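Here is a short briefing on side-chain contacts, helices and surface in one model. Please keep the sequence and the structure in view while reading.

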Amino acid sequence: MASMQEQNWDLESGDCIQKETSSSSQTPSSSILSSSFLRRRPNQERPPVGMFKQFLNNLRLVFLGTKLCVLIPAIPLAILGQCYGFMTRQQWIFALSLLGLAPLAERMSFLTEQIAYFTGPTVGGLLNATCGNATELILALFALRERKILVLKYSLLGSVLSNLLLVLGSSLFLGGLANLKMEQTFDRKQADVNSLLLLLGLLCHVLPLIFGNSIEPQLLDDMDQNSVVWLSRTSGILMLVAYGAYLFFQLRTHRQFFEAEGEDEDELSENEAVIGFWSAFIWLVAMTIIVAILSEYVVGTIEAASDSWKISVSFISLILLPIVGNAAEHAGSVIFALKNKLDITLGVALGSATQISMFVVPVSVIVAWTMGIPMDLDFGLLETSCLGFSIILTAFTLQDGNSHYIKGVVLCLSYAVIAACFFFHKMPADPTKAGM
């Protein structure tokens with residue numbers, strides 16, 4: 001397709017510039033449009049000139065450009081409560097920090113996409129894939145620093161289950177109800193690729209579990225336990241290799257599998273940078289620092305919240321944390337399903353689950369290795385079974401290339417059963433932390 005010349009206002013300099021665009025220069029639609037519904041339409045007037053006015057304009061776009069801005073006041077309240085101690089109950093620090101992470105996760109996605117417009121499709125797609133689950137990754141790193149390995153495992157497992165069952169299930173359910181008189185179809189190629197990656201990740205979880213349980217407990221010595229850790233580290237490296245191949249497949253050789261069809265003109269018109277490169281980069285760094293602060297509060301106060309609310313730490317880690325962290329993706333997935341754009345819905349839900357399973361989990365294992373922490377991929381029999389059944393159930397749900405609301409009902413009820421299971425489940429003592 002011939003390239004077209006279009007005029008855009010450069011918000012960094014206030015000048016009108018010519019930008020050449022073509023269909024081949026766009027990043028995959030599933031990543032660009034994943035949460036665009038949450039954003040307020042920017043003012044199309046000429047941007048203000050001057051550094052102070054530019055700062056005010058960027059401030060408005062970053063903090064007030066999302067419908068989740070109503071949760072932003074929770075951020076300073078959590079920070080002030082922790083720093084000055086006017087909140088004597090730690091569970092309120094936990095609750096405010098958890099609420100504050102929701103708009104920050106959506107804003108980090110927005111800023112990453114803004115940078116992607118300037119870096120090109122390959123670097124932009126890689127950046128979007130890497131930062132797509134930055135909140136979960138930062139939470140994982142702080143859990144590692146506090147030696148809360150089980151909290152880390154449960155939160156990552158919960159994020160995968162939430163995307164596969166709750167996000168995808170509610171999207172298919174509501175999308176099916178909204179399109180009862182219309183057949184909902186999607187391209188199976190994207191779902192097949194993500195299902196293969198998820199099954200590979202499941203294999204890397206099952207093997208350490210089987211390896212550790214294949215030896216009698218009375219015969220299990222330190223050497224065998226160390227072998228499980230080294231098997232997990234080896235599997236983690238191979239998972240990262242597989243994820244790198246997946247990115248190359250997605251961004252280079254088979255991009256057509258992941259590009260949504262049927263975008264309307266309104267959506268395409270929103271695919272323009274509304275903030276300059278350096279402004280987006282600086283705001284992204286600032287958002288990352290704030291997310292790190294709130295993540296530290298969440299990890300440090302999770303036990304206090306569990307004791308106060310009489311809810312198990314396993315339920316909070318596996319159910320509550322992922323629901324809040326995936327709030328923006330969840331809402332975006334539902335909106336696109338209502339518009340009968342299931343390809344984008346699958347890109348959001350399955351893509352995020354694949355990122356967590358094949359990138360964040362092995363990175364956590366490798367980082368724990370560098371910190372001298374013996375973290376393995378043995379998440380436990382109950383936990384790994386829930387993961388396996390969820391992946392298989394999702395793969396069967398998407399095998400025929402069409403959808404209706406009963407598929408969403410089954411996925412949502414499956415998530416409810418798992419949530420009920422871990423509501424009554426008590427997290428065992430963390431051996432890594434107990435040995436310190």
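R145 is partly exposed, at a relative accessible area of 43% (buried is under 20%, exposed over 50%, partly exposed in between, with a 1.4 Å probe and protein chains only). This is a predicted model: local features need pLDDT of at least 70, side-chain atom pairs count only at pLDDT 80 or more, and totals for chains, interfaces and linings use all residues. Residues are numbered from 1 along each chain as its sequence is written, and side-chain values use heavy atoms, with hydrogens and water left out.

**Salt bridges**

- The whole structure holds 6 salt bridges (a side-chain nitrogen of Lys or Arg within 4 Å of a carboxyl oxygen of Asp or Glu).
- R145 pairs with E146 at 3.6 Å, N to O. E146 is partly exposed, with a relative accessible area of 32%.
- R145 also meets E296, at 2.6 Å, N to O. E296 sits in helix α11 (residues 277-309) and R145 in helix α6 (residues 134-145), so this bridge ties together parts that are 151 residues apart in sequence. Helices here are DSSP runs of H or I with at least four residues, numbered from the N terminus.
- E296 is partly exposed, at 33% relative accessibility.
- D376 and K153 form another salt bridge, at 2.9 Å, N to O. D376 lies in the loop between α14 (342-370) and α15 (381-397), and K153 lies in helix α7 (residues 149-178), so the pair ties together parts that are 223 residues apart in sequence.
- Shared partners join R145, E146 and E296 into one salt-bridge network.

**Helix α6**

- α6 has 12 residues and spans 17 Å from its first C-alpha to its last. That is close to the expected 16 Å at 1.5 Å a residue (the expected span is 1.5 Å times one less than the number of residues).
- Is α6 enclosed or open? Because 10 of its 12 residues are buried, α6 is largely enclosed by the rest of the structure.
- The buried residues of α6 include A134, L137, I138, F142 and L144. E136 is also among them.

**Cysteines**

- How many disulfides does the structure hold? There are 0 disulfides (a pair of cysteine sulfur atoms within 2.5 Å).
- C386 is in no disulfide, and its nearest cysteine sulfur, that of C421, is 5.4 Å away.
- C386 is buried, with a relative accessible area of 10%.
- C83 is exposed, with a relative accessible area of 53%.

**Nonpolar surface patch**

- L174, L177, L180, L338, Y405, I406 and V410 form a nonpolar patch on the surface. Together they have about 580 Å² of accessible area, from the Shrake-Rupley method with a 1.4 Å probe, where only the protein chains shown count as cover for residues.
- Patch residues have over 30% relative accessible area and no salt bridge; like charges are joined within 9 Å, and nonpolar side chains (Val, Leu, Ile, Met, Phe, Trp, Tyr) within 5 Å.
- α7 and α16 (405-423) are the elements that give two or more residues to this patch.
- α16 gives the most, with 3 residues.
- V410 is found in helix α16 and is partly exposed, at 40% relative accessibility.

**Aromatic pairs**

- The structure holds 9 aromatic pairs (ring centres of Phe, Tyr and Trp, using the six-membered ring of Trp, within 6.5 Å; planes under 30 degrees apart count as stacked, over 60 as edge-to-face, the rest as tilted).
- F94 and W309 pair edge-to-face, at 5.8 Å centre to centre with 65 degrees between the planes. F94 lies in helix α4 (residues 90-119) and W309 in helix α11, so the pair ties together parts that are 215 residues apart in sequence.
- F94 is buried, at 0% relative accessibility, whereas W309 is partly exposed, at 32%.
- The ring centres of Y154 and F422 are 5.9 Å apart and their planes lie at 85 degrees, so this pair is edge-to-face. Y154 in helix α7 and F422 in helix α16 are 268 residues apart.
- Y154 is buried, at 3% relative accessibility, and F422 is buried, at 0%.
- Y243, Y246 and F359 form one aromatic cluster.
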